[in-house]
Amino acid sequence: MRPTCYPLKSVLTLLCGSLFVCAAQAELKPMADSELAEITGQALITLDGMTYGGFEYTRVNLGADIDLMTNIDELRLGNYSRNQPNTVSNQPADIRIDNFALGRVDNANSSNASVVPFQVQDPYLEFAFKVNGQGVREVAGIRLGFGRARGDLSGDMQSLTGNMQGLVIGSASTAREFYMQQNNLNTCGFDLDCIALTVAGNAEIYSEIQLVKNGTGDTTVNGQPINRATHIGVPNGSSFNTDNALLSGLLPSIAKNNGDCTASGLPACFPLLNYKSIFVGDRTQADLSIGGAQGVFFSLQNQNVPWQDLASTNNQFVATQSGAFANFAKSGEGANTIYPFIVSLYEALNGAARVPTCIGDLSKGC
Amino acid sequence: MNRHLREILFILLALPGLSMAMEALDDRELGEVSGAGVGFFLDDFFYDQGSASAQVSGLKDSQGNALTIDLERAYIKGDGSQRGALDTPAQVGTPLHPFTLKVVSGAAAPTLPSGTQALQLTTPTWDDPLNDTHQYGLWSYYQGCLYGEAGCTNPTLAQVAIDTELGGLETTRNALLARYQSVGFLTLKSGIDQDMLLVEQRRAQVATETTDVQGAYSTMETLYAAAPANSKPELGEKYGCGIFCGSAAQAYNNSVDDYQAQLDELAAAQKALGEAWSVERHGYSLNQRATDLDEFSSLCGAPTAESPTCVVGRIQKTKDNRNSVVLVATTLQNGGTRVKGLDVGLETTFSLPSTAYSVDGNGNIIKGATTTRNDFFSINLEGFTLNGAYLNLWGDSTGLQGEASLQMYTDKLVIGTCRNCTDANRLVAKNLYFDINLGQASLQPLNFSVLGDGELRLSLPSVTWNNHQAFYQQVPKSNISVGNLSMGGVDLGSQVVRGMRVDYLDMRTVNLPR
């Protein structure tokens, strides 16, 4: 005889069903046979396999829509000693976030307080395997990811390793105002950077920002991606851009980070700790299937494992390094690009305040 | 099927009468028994699947292909069984520390709403530091290595680690105290409260503008769909037909202008909000002051005096944790030992459709053929305990309610994908501790339900203004920690999710693929 058992969902369905009978107070109605026959109850969890670059992958998908508000005192992944040239801080862990929170509270300190949850769709757990030089198949990595995610993510980000691709967008006049404020200027005079920003007027300027090494804006050291970053900004060699035809040729030359973490005299690298809250996904698109960021995951691996980029439409993989890794990468191309977070230039220059994540006096640590 | 199952199951009635090792009850004593529940434990048993076969079916891949998992081997044995190789007898619970199943109310389940009875299942519970899962699990995280293994015979490593952490927190607190010493923390808070009024106004404006942008985008999308296909621009760009546009193209062009105008208004509102955060007092921006006060409150609790004390908050919590860590370390140094746990293992094989991706001659990654892959997958737990866990279930007008605390600790979790290999090829998590608390009967009952389409729903009601103080004091937090994780012999250190409270949850299962 071959004993056979059915997966989790059927069991839970049965369990919940039977427990309801015990409770006997809910308004329950029996289902007709025809209704029962329409319920397959077998697709809560699916398994997928794939291979790439010498790795084998097995992914366990959970079909679920989750609305969540949570506060976490501390999240620390990859907490071990590192002493490599591309380790760009003395932080103890690859990912270290204090007072981490998903979701926010509106009108937090009033009787109208209401929770605005973080939305998650279809979380999954994936393993990567590789046959080593001795022909033994080893576990090479594990990741927890989300089909889509949207909402406020808050925390004191002490260090991050991975992809954190955002977009800074704003008016050149905001940049000019900040520049003059920082340099105690009442007029531009002969300050070329100030003049250039004045010429830009109200033109919209933008730049992609990534995790960078403080002081230089480097994203790699000796060809290796940095880890334990404490700053985010315009990478070394990149610049602010604009779609304004008159300025598009000029701006990259005046607003480029030339390895000193400034662009057009403005700071181009910002402490992660300044970003108390970011919005994952498109905050102007409430529909999770449109505005949700794809490809968000956290992983741990013992080598440079390429994980499939579920946000990619052309079979891309995300290159990761040994240790812990967080992926908040952009998805899509051109006008259809969705960034995991978009901050206004004003926020980038001044820091993004934390949205309340507790009801009452405390905005965090509840 | 060849099963080796040998067990003695004791069922102890009348828990209130349980006070010593087992002795026969006389009629008078039996007469005093209330029969309010049962206690049970498993003594001197093991389970080994042996050569029997078993299968899990009903799973699918994302394309709907059926999958079957063959269970090659499964066992439950006592700690030290060498992953099931030895028939080491196991013991789960004792006469003095049994599992219990009973109906509870009142003082026996103080979190329950008044007048409510619940069905309660508890696992064996100890109070001593080595067998109390919370204390030992906490110590094991800071210890990092598996106590007793080579190089890990000093239990005070955990004490050093938590002292370092505590020192860092106190340094931060001291810096904040020094920064606002001349201002006073009540004055600091008062200034923040006044300045936050403007922030709240401007936040509301940003929310309004965001809604407007969403509305304008939606309108633009609708009109774009209805606009003529000839020379159609990208969404967000306008037709270049000027005054010669047809009505549909003109309407779409106007909606692009409206959308851009709304974006400008949103940008202006964001800027105004940023300016509100920059208002200075005492030499610091509102953003900085609010951040500092939050940080201090997180470390020491909300200040109640100009020169506040630090008797609650994260520092005090860490001090309390330190007491537990020191207690466990001292007990181990004095030769204390834990009640042995279980060894649990499972080895499976399954065939899985696997799609090959590769790089072509142009450097592009292409999707190739899907073939069947035969996988081996094993999970082993060593020294597994579940002491101090409980589940309370009851029903009310909204359905099945519950509260649960899972207290799981295991010396090692080993995941392998190779048959003839060592732990240097596997994933090994040492000192794994799950302290998962879901629901609190009075303030946040966990609700289970089955939706009309057969999907499952799990929900935790939100914290509210009316209950937030009690909620933050009484709804328990959860912790997950790993002392050390290694993969293929590469150490990746400790991992922790600490102090997690779910303030709101609504989870609905969905059939895949969507």
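Select Trp139(B), Tyr142(B) and Gln143(B) in helix H2 (133-143) of chain B, then Leu157(B), Ala158(B), Ala161(B) and Ile162(B) in H3(B): these two sets meet. Contact here means C-beta atoms, placed from the backbone, within 7 Å. By class, this contact of H2(B) with H3(B) has 6 nonpolar, 1 polar and no charged residues. Ala, Val, Leu, Ile, Met, Phe, Trp, Tyr, Cys and Pro count as nonpolar; Asp, Glu, Lys and Arg as charged; the others, Gly among them, as polar.

This is a predicted model: local features need pLDDT of at least 70, side-chain atom pairs count only at pLDDT 80 or more, and totals for chains, interfaces and linings use all residues. Residues are numbered from 1 along each chain as its sequence is written, while chains are lettered from A and ligands numbered from 1 in the order in which they are written.

**The helices of chain B**

Stay on H2(B) and H3(B). Their axes are 7 Å apart, at an angle of about 80 degrees. H2(B) is therefore roughly perpendicular to H3(B), a label for angles of 65 to 115 degrees. Axes are lines fitted to C-alpha atoms over the stretch in contact, and angles run from 0 to 180 degrees between N-to-C directions.

Now show all of H3(B), residues 157-179. Its 23 residues reach 34 Å from first C-alpha to last, close to the 33 Å expected at 1.5 Å a residue. The expected span is 1.5 Å times one less than the number of residues.

Which residues of H3(B) are buried? Pick Ala158(B), Ile162(B), Leu169(B) and Arg173(B). Buried means 20 or more other C-beta atoms within 10 Å of the residue's own. Their cover includes H2(B), helix H6 (286-300) and helix H7 (313-333) of chain B.

**Across to chain A**

Show both chains. 93 residues of chain B are in contact with 97 residues of chain A. Strand E19 (residues 494-509) of chain B gives the most to its side, with 16 residues. That side has 42 nonpolar, 34 polar and 17 charged residues.

Select E19(B) with strand E4 (residues 64-79) of chain A. They pair in the antiparallel sense over 13 bridges. Pairing takes at least two DSSP bridges. Leu75(A) has Val497(B) as its bridge partner.

**Strands in chain A**

Move to strand E12 (residues 204-212) of chain A. Strand E11 (residues 166-171) of chain A runs antiparallel to E12(A), joined by 6 bridges. Click Ile205(A): Gly170(A) stands opposite, and in E16(A) its bridge partner is Thr242(A). Finish at Val212(A), whose bridge partner in E15(A) is His231(A).

How values were computed:
Helices (H or I, at least four residues) and strands (E, at least two) are DSSP runs, numbered from the N terminus. A residue is buried if 20 or more other C-beta atoms lie within 10 Å of its own, exposed if 12 or fewer, and partly exposed in between; C-beta atoms are placed from the backbone. Angles under 35 degrees count as roughly parallel, over 145 as roughly antiparallel, 65 to 115 as roughly perpendicular and the rest as oblique.
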